[in-house]
Amino acid sequence: MAYTEEELKKELETKEYEYGFYTDIESDTLPKGLNEEIVIAISKKKEEPDWMTEWRLEAFRAWKEMEEPEWANVTYKKPDFQDISYYSAPNKKPKYNSLDEVDPELLDTFKKLGISVDEQKKLAGVAVDIVMDSVSVATTFKKTLAEKGIIFCSISEAIQEHPELVKKYLGTVVPKKDNFYAALNSAVFSDGSFCYIPKGVRCPMELSTYFRINQAGTGQFERTLVIAEEGSYVSYLEGCTAPMRDENQLHAAVVELIALDNAEIKYSTVQNWFPGNKEGKGGVYNFVTKRGLCEKHAKISWTQVETGSAVTWKYPSCILKGDYSIGEFYSIAVTNNFQQADTGTKMIHLGKNTKSTIISKGISAGQSQNSYRGLVQVNSRAENARNFSQCDSLLMGNRCGAHTFPYIEAKNKSAQIEHEATTSKIGEDQIFYCNQRGIDTEKAIALIVNGFSKEVLNKLPMEFAVEAQKLLEISLEGSVG
Amino acid sequence: MDLKEKLVSSFMAFEDGLDLDHPVHEERSNAMKNFETKGFPTKKDEAWKYTSLKGLQKIDFSIFPKHETTLEYKDVKKYFLHEIDTYKIVFVDGVYSSYLSETTHDGVDVCLMSSAFSKPMFKQVIEVYFNKAASKDESLTSLNTAFSKEGAYIYIPKNKMPKKPIQILHLATGNEAALMLQPRNLIVAEDNAEVQIIERHQSLTGNEVFTNSVTEIFAGKDAIVDYYKVQNDAPTASLVDNTYISQKNSSVVRVHTFSLGGKLIRNNLNFYQNGERIDSTLKGVTILGDKQHVDHHTLVHHAQPNCESHQDYKGIFGDSSTGVFNGKIIVDKIAQKTDAFQQNNNILLSDRSTINSKPQLEIFADDVKCSHGCTIGQLDDEALFYLRSRGIPKKEAKALMMYAFANNVLESVRIPELKARINKIIANKLGVRMGFDL
């Protein structure tokens, strides 16, 4: 006997957030509030050189002058920026050589997350950089990578050891004054990942970062910088979770990608921050600035699966500066209960013969709001620019909303731009078809959603695709349309 | 003195000549207050992101024309759709010209807003409909409401249909160096009524004209309204056209907008579906050259179940022209079984031309069929080659293809003479001597 719709709904609503545990690790947290002293203190704690401190202060001064943006199609209680602690690090600051030295409790956390470091190390062959409460705690596979000349470490380490690279590229794609949250991040970022692929090197494994907000009342501000030299290739994964808390936590990250001539960067995200409970209480505010710069013949591909966060505000973008460069954006955004997502991309065509593809799938259930917001801009010198965008929305129930805000700006006559969007629900005939073949409604929906999202799921690396598929099922279980 | 100050200060003088006890008076003063607070929209407003009114505000427009002008019919005949017999409501510099017009009270009312405001027999209609669909929030609509005095008044009672189509023509003579016009139209089609209306704004000289027009259309149950906007004005004429349409059960309203000339055109076309099984059609052809700027802002608000809306806007942009399309579809929670379709296709002919398109969906109901498509591209080289290989010169071949591109919109024009006229204007625009009546 299949569930009744009511039962399913109930089950879905009471579905616990699986990753909502809190790890009791002693941590070193700075007092709440934000001023120049805090910025200097963060910089000092990280033993940063003077130029970095100055860089942060400049960003902070710019941030003070800025106003929080309000144009996004989301409503939320604005965070009180003086009530957040801007630095929280697991206390026994580790500089591990092997995993045995890691605090066993911390390792336990990762096991619960299903990303046990050693297991992954052995089985998946993924090098993981784990950022917990914004401090990088472990980077595996460093040696293997070092042999190829690949640098994969925390950004604070990079500031110490490769200042010339950081100085050259940090803030070039997302300037420190770019927007409110980028400026905030530039001032207070506590850690993040740094990745450098030398000329002509194909990174032999997927690089991965794992983010987790653990401490209460802290914000996470990580900064990721990926540089792919000429002719290199890298695939980069990023995953996020946070414990269950009543208050809203703030996550404001900045990701910068630089793909030099003929390089390719593939950046995948599975975002599963705590989405708040079924009354819409708590959850993470996810305000992220992600942007990539493509030189000649370079390619940047963003893939994201967004299932978590109370409020998501995220537009991974590509600046197609070089001729023949390619930008891609594949996204699945799932919202349930009271989640709100305003996500999309920007494709800025500057070079000749540039190409971009946007595939965005939005699924909304419960009382959530899901928006696609995108910009395709073709500048007057971008001859033969080509863009294809497709935004499909799936609605489950009549208390949720799906919105599309595509901006299309063309200034060149040879531009070829296509945009299409559809909104629909899961058809009764589709479910009926599955039912009569012996597939129950629940499974049928999973199947249909999976099919709906397939174009994007296919773009994810193997290990992630499985996880993402599972996440989709969990997030939507029971929401019969 | 900037334009806003000038308008605000002349409002008092404007009111002096009017009946202050009339119920509309309060609407006017409230609207003026709103305009005073909001002022002209700027590029910082999301809805005006791509269209700037800055240049217009620098011009010293005269708000009340100083003297009346009479025009000979033969001089302006070409601006009328003279091939067929129609009712005509003609305004010269904002003042009604009885000599050029042909109104009626025979079963239907085709007359003037000024008489509708003043005569007791229209009082009830004014009370029920005036300013009920128009936005009280949008500043330019408020500005028009504040100065609402003259325009076309069309009232079609139940089960009636006027004998012939109605033309509304606004002529600007250029007697003033720069003239601002604010016509206000009210169109009511009661249950099961039907009406066809053609509207045109025309400046006769190279003097600056700025028209801020508001039209309210009410369609009762099963009513059918066809509204054609012909915008082929002089290169010094600017137009902000605000149209608000309120529809009841099973009514059909079709608005066609032909933006073929003018300096700056902004169309705010708003449909509110207040009933079930409603059909709304919005279609437009835009062909621009020089430094022209056309901005189409459409809104279809699906507030009830089982309704349809169809949008189809085609744009061809040459020289340094700019096109903007912003189509918004809102589907309310209860508006299940909505079928909303929106399409915007554009061709850029020059590297200096720009198109900004923003097809927007906001959907709160799940059992709906909503889709939109937007393309920007060029003429197909292979098709062009095909035509040329059959002996059609390049220019004509291109014109043919552009015409074919726009034809979807023209197909649904229900007055053949109007269609022929538009075809002619398009042929002119494309610089070919072709009829397109293939």
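Colleague: At roughly what angle do the axes of helix α2 (residues 36-45) and helix α3 (residues 50-65) of chain A cross?
Modeller: Keep in mind that this is a predicted model. The axes of α2(A) and α3(A) come within 10 Å of each other. They cross at roughly 150°.

Colleague: How are α2(A) and α3(A) oriented to each other?
Modeller: Their axes cross at roughly 150°. Angles over 145 degrees count as roughly antiparallel. Therefore α2(A) and α3(A) are roughly antiparallel.

Colleague: Which residues of α3(A) make the contact with α2(A)?
Modeller: The crossing of the two helices, α2(A) and α3(A), is right-handed. From α2(A) come E36(A), V39(A), I40(A) and S43(A). By class, the contact has two polar, two charged and five nonpolar residues. On the α3(A) side the residues are M52(A), T53(A), R56(A), L57(A) and F60(A).

Colleague: How many charged residues does the contact of α8(B) with α9(B) have?
Modeller: The crossing of α8(B) and α9(B) is right-handed. A383(B), L384(B), L387(B) and R388(B) of α8(B) meet K394(B), A397(B), K398(B), L400(B) and M401(B) of α9(B). By class, that contact has six nonpolar residues, no polar ones, and charged residues numbering three.

Colleague: Back to chain A as a whole. What percentage of its residues is buried?
Modeller: Chain A has 12 helices and 25 strands. Of its contacts with a separation of 6 or more, 83% join residues 24 or more positions apart. Chain A has 481 residues, and the buried share is 55%.

Colleague: How many residues of strand β13 (residues 264-271) of chain A are buried?
Modeller: E264(A), K266(A), S268(A) and V270(A) point one way from β13(A), and all are buried. I265(A), Y267(A), T269(A) and Q271(A) point the other way, and these are buried too. The count of buried residues in β13(A) is eight of eight.

Colleague: Which residue of β15(A) stands opposite T269(A)?
Modeller: β13(A) pairs with strand β15 (residues 299-306) of chain A. The pairing is parallel and has eight bridges. In β15(A), the residue opposite T269(A) is Q304(A).

Colleague: Which residue of β19(B) is the bridge partner of A410(A)?
Modeller: β24(A) and strand β19 (residues 354-363) of chain B are joined by six bridges. The two strands run antiparallel. In β19(B), the partner of A410(A) is I355(B).

Colleague: Is Y324(A) buried, partly exposed or exposed?
Modeller: Y324(A) sits in the loop between β17 (317-320) and β18 (326-335) of chain A. Its phi is positive, near 60°, and it is not a glycine. A buried residue needs 20 or more other C-beta atoms within 10 Å, and an exposed one has 12 or fewer. Because Y324(A) has 19 C-beta neighbours inside 10 Å, it counts as partly exposed.

Colleague: Is N159(B) buried or exposed?
Modeller: Most residues other than glycine have a negative phi. N159(B) is not a glycine, yet its phi is positive, about 60°. N159(B) lies in the loop between β4 (152-156) and β5 (166-172) of chain B. Because it has 12 other C-beta atoms within 10 Å, N159(B) is exposed.

Colleague: How far apart in space are G220(B) and Q247(B), C-alpha to C-alpha?
Modeller: G220(B) is in the loop between β9 (208-219) and β10 (224-232) of chain B. With 22 other C-beta atoms within 10 Å, G220(B) is buried. Beyond neighbours within four places in sequence, its contacts include A189(B), D191(B) and K248(B). G220(B) and Q247(B) are 27 residues apart in sequence, and their distance in space, C-alpha to C-alpha, is 6.4 Å.

Terms used:
Residues numbered from 1 in each chain as written. Chains lettered and ligands numbered in written order. Predicted model: local features only at pLDDT ≥ 70, side-chain atom pairs only at ≥ 80, totals over all residues. Pairing = 2+ DSSP bridges. Helix = DSSP H or I, 4+ residues; strand = E, 2+ residues; numbered from the N terminus. Axes fitted to C-alpha atoms, helices over the stretch in contact; angles between N-to-C directions. Parallel < 35°, antiparallel > 145°, perpendicular 65-115°, else oblique. Left-handed = near helix turned anticlockwise from the far one by under 90°. Contact = placed C-beta atoms within 7 Å. Nonpolar A, V, L, I, M, F, W, Y, C, P; charged D, E, K, R; others polar.
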